[in-house]
Amino acid sequence: MEKVLILGDTGKLGQALRRVFSPGFEVHGGSDSGRLDVENRPRLHGLLDSIRPKIVLNAVALNGLEACEQQPERAFQLNTLLPRDLAK
């Protein structure tokens, strides 16, 4: 069975993705082994290396205008750099 890793699996979108993919895939979540800090790139890459998923679904985001305005660097990390790094 092919493996899927869902980052942000504790949020609404992540939970919905888990329900959709669970019937046909071995689903792993970033929170399966405790809360994963996706901003910790070495730990994230370690998780990717250990699971070796066929598919990675990113449901992580800092959303809401006010939150992004108050934390612009974190918004850039989560909404821009994380997807870029996952695509590499």
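Colleague: What volume does the largest pocket have?
Modeller: About 460 Å³. A pocket is an open set of points on a 1 Å grid over the protein atoms alone, where a 1.4 Å probe fits, with protein on both sides within 12 Å along at least five of seven lines. Its volume is the space filled by probe spheres set on the points, joined across faces, edges and corners. This is a predicted model, with residues numbered from 1 along each chain as its sequence is written. Local features need pLDDT of at least 70 and side-chain atom pairs 80 or more, totals for chains, interfaces and linings use all residues, and side-chain values use heavy atoms, without hydrogens or water.

Colleague: How many residues line the largest pocket, and which lie nearest its centre?
Modeller: Lining residues have an atom within 4 Å of a point. Here there are 20. Gly 8, Thr 10, Arg 35, Val 60 and Ala 61 lie nearest the centre. Helix 1 and helix 4 (72–87) are the elements giving two or more residues to this lining. Helix 1 gives the most, three residues. By class, the lining has seven nonpolar, seven polar and six charged residues.

Colleague: In what order do the elements of the protein chain run?
Modeller: Helices (H or I, at least four residues) and strands (E, at least two) are DSSP runs, numbered from the N terminus. The protein chain has four helices and three strands. From the N terminus on, they run β-α-β-α-β-α-α.

Colleague: What is the strand order in the open sheet?
Modeller: Strands pair if DSSP finds at least two bridges between them. The order is 2-1-3, with parallel pairing. Strand 2 (26–29) and strand 3 (55–58) stand at the edges with a single partner strand each, so one side of each has no neighbour in the sheet. Neighbouring strands are turned by 20° against each other on average, direction ignored. Four bridges join strand 1 (residues 3–7) to strand 2. Within that pairing, Val 4 has Val 27 as its bridge partner in strand 2.

Colleague: Which strands does helix 2 touch?
Modeller: Contact means heavy atoms within 4.5 Å. Helix 2 (residues 41–51) packs on the sheet and touches strand 1, strand 2 and strand 3. Its direction makes about 160° with that of strand 1.

Colleague: Where does Leu 17 lie, and in which helix?
Modeller: In helix 1 (residues 12–21). Leu 17 touches Ile 6, Leu 57 and Ala 59, not counting residues up to four places away in sequence. Gln 70 is 53 residues from Leu 17 in sequence and 29 Å away in space, C-alpha to C-alpha.

Colleague: What does the C-alpha trace of the protein chain span along its principal axes?
Modeller: About 40 × 25 × 25 Å.

Definitions and conventions. Axes are lines fitted to C-alpha atoms, for helices over the stretch in contact, and angles run from 0 to 180 degrees between N-to-C directions. Ala, Val, Leu, Ile, Met, Phe, Trp, Tyr, Cys and Pro count as nonpolar, Asp, Glu, Lys and Arg as charged, and the others, Gly among them, as polar.
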